[in-house]
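Please keep the coordinates open while reading.

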Amino acid sequence: MEQKLNAPRWNLDSIFSGIESTEHQKALKDYESTMDSIDTLLDTAHTFTKEANTNFDFASWLSTILDEQNKKLSLERTLGAYAYLLYSTNTTKPEYLNNISHIEEISIRSEQQNLRMSTLLLAHQTQLEEFYKRFPEYTEYKTLLSETLEHTKHQMSSQEEKLAMDLSRTGGSAWGKLQEQLISNLKDSDGKTFNELRNDAYSKNASLRKLSWQKEIQLLKEHSISFAACLNNLKGETLTLNKYRHWDKALDRALFSSRLKKETLDALVSAIEDSLPVWRTYFKTKAKLLRKFNCTQSETAGKANNEGLAFYDLFAPLEFDSTAKDSLLSKTWTFNEAKEYVLKEYKSFSEDMYTFAKKAFDSSWIDAEVYSGKVGGAYDEDIPLGHQSRILSNFTGSFSDIITLAHELGHAYHFSCMKEKSPLLSDYPMTLAESASTFAETIVKQDMIKQVEGADKLKILDLDLQDTSQVLVDILCRFYFEQSVFEEREKGELNADDFCRLMLNAQERTYGDGLNEEKHEYMWAVKGHYYSTGLDFYNFPYAFGQLFAAGLYQRSTKEGKEFSKTYAELLSQTGSLTCEELCLKAGFDITKKEFWQSGIEMYKKEVEQFIQTASNL
């Protein structure tokens, strides 16, 4: 008999009672009305600027338009979030999809206003100091406005930017969509989709893992000309636009959008590079385990002369030892058990985190039941109206579902720490976006590592090391690959053989002898983030978030619950400061390799535990 999980569905009534409701219709009208007010303010400023009228009170104008921008952004995000919340739990309803399209269409006007405002800000940048003196309450906007100015300096003329956006629909964006369409429609001879083949990497069946890897590579190889055309032309467009926008390198633009200095990235990368021997030892230990218990179909992996892991065994579950019936890792958890476990872990770190999470559970902010018409995966959506959040997951009772729940609640807690901030100051870069969520799941994982022994300890260690090695080793591999692609694409066209060569080089530089000869030279065709003109070097922010969270966790173990106040304050300012400024206020210097090494140290100890536990089996 199937166990009843009692996973809940959320309640959205505190946002709106429906898309046809009076309050939702009013919000739509208010959104457009606010944009009308902003247009009037922009027209006034444009006229005064064009006529060089000295009667224009720029400081007063800026304070007024920032207030209006905050009103607009609050409505824009609330309406957009609500639209997706409805759609993601009932994808079959056309009116929900139409509602998303309607709001996206209205928001085009908002994007145009933001462009006009940034141009005006640049024209009056010399008056900003006067603005901060007369309106000191806006001092916290300095980073945001400085960032806007810098971004504007890297824009082409408004006509050229509009042309670039229009051409992108048949250029970069079209190439990106083609890659998505190719991947989503690939099937093997038995009708198995490409994504299903990819998911087999997590299967207990060793033969299936290898066979699906072989089929995956074969499918990618058969369509390699198309994938290569997508990536070659898209990166070519990025290089062309970067030249006209005065970016020396694609990495410079990525660092800017991440609010990160090059020296910080260099320190992060250097720390990961130093740790590569540790990760290779982990891979080789796992390969030996799989061979010892006859859980691999590789002919060479884990042998004395070729100790590395086969690529298709990177995510192989360690299911070779029987697990006790009362195992915390193998048991099926009810949602209430999961809830109590997460609350206990949150409380162990911070009363504030516990109180917030309890409110989320008690207020029906979580949709965890698995049902038809609901999107897969998990996410957190933050809503400015009432400063509330909603969390979607697909709870099946596994321990990994508990980690997911803790992760998404961590995102929501991050937003709750910003409740005193305006919408404009609630935007934080990708580098900081995963910090709170990763920190939250780290608390859960570290507790479980302490609780279990034997085969269970090996499994939870493997789960954590497997995830972290992807975020550090594989992310570094992707970083190397993308860097080499831009360098070679500047010199000329690239084909599938070029991309395969560059990918294998990147895998060799990072995984090294941690992998055997069975690698994956076509990974460049799989990862969707390569296929975007706006997401260059999408990779390193994840490594930043992982090690930033680990560094914070290490510090929390030394300082105890007192650190929770520093942590909450740090999260509250993630939209107001650069990464370096933020961290210096919390007392650490992320431009130095030592900070990143402190996070890696935790994983080094886990690898040591993994090796020791494996030797006892």
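A cavity, as the word is used here, is a set of points on a 1 Å grid over the protein atoms alone where a 1.4 Å probe fits but cannot get out. The model under discussion is predicted. When the whole structure is searched, 2 cavities of 30 Å³ or more are found.

The largest cavity has a volume of about 60 Å³. Which elements give two or more residues to its lining? They are helix H12 (262-292), helix H18 (454-489) and helix H21 (540-559). H12 makes the greatest contribution, with 4 residues. The lining as a whole consists of Leu265, Leu268, Val269, Ile272, Ile475, Leu476, Phe479, Phe540 and Ala543. In terms of residue class, this lining has 9 nonpolar residues, with no polar and no charged ones.

The second largest cavity holds about 40 Å³ of space. Its lining is formed by Asp474, Cys477, Arg478, Met503, Gln507, Met523, Lys527 and Tyr530. Here H18 and helix H19 (496-510) each supply at least two residues, and H18 gives the most, with 3. How do the residues of this lining divide by class? There are 4 nonpolar, 1 polar and 3 charged residues.

Attention now turns to a helix pair. The axes of helix H17 (residues 435-451) and helix H24 (residues 593-615) come within 13 Å and cross at roughly 30°. Angles under 35 degrees count as roughly parallel, and H17 and H24 are therefore roughly parallel to each other. The crossing in which H17 passes H24 is left-handed.

Which residues meet where these two helices are in contact? On the H17 side they are Thr442, Gln446 and Ile449, and these meet Met602, Glu606 and Gln609 in H24. Sorted by class, the contact of H17 with H24 comprises 2 nonpolar, 3 polar and 1 charged residues.

The residue classes can finally be set side by side. The lining of the largest cavity has 9 nonpolar residues and no polar or charged ones. In the lining of the second largest cavity, 3 charged residues and 1 polar residue accompany 4 nonpolar ones. The contact of H17 with H24 includes 3 polar residues and 1 charged residue, together with 2 nonpolar ones.

Definitions and conventions: Residues numbered from 1 in each chain as written. Predicted model: local features only at pLDDT ≥ 70, side-chain atom pairs only at ≥ 80, totals over all residues. Heavy atoms only, no water. Axes fitted to C-alpha atoms, helices over the stretch in contact; angles between N-to-C directions. Parallel < 35°, antiparallel > 145°, perpendicular 65-115°, else oblique. Left-handed = near helix turned anticlockwise from the far one by under 90°. Contact = heavy atoms within 4.5 Å. Nonpolar A, V, L, I, M, F, W, Y, C, P; charged D, E, K, R; others polar. 1 Å grid on protein atoms, 1.4 Å probe; cavity = no way out; pocket = protein on both sides within 12 Å on 5 of 7 lines; lining within 4 Å. Points joined across faces, edges and corners; volume = space filled by probe spheres on them.
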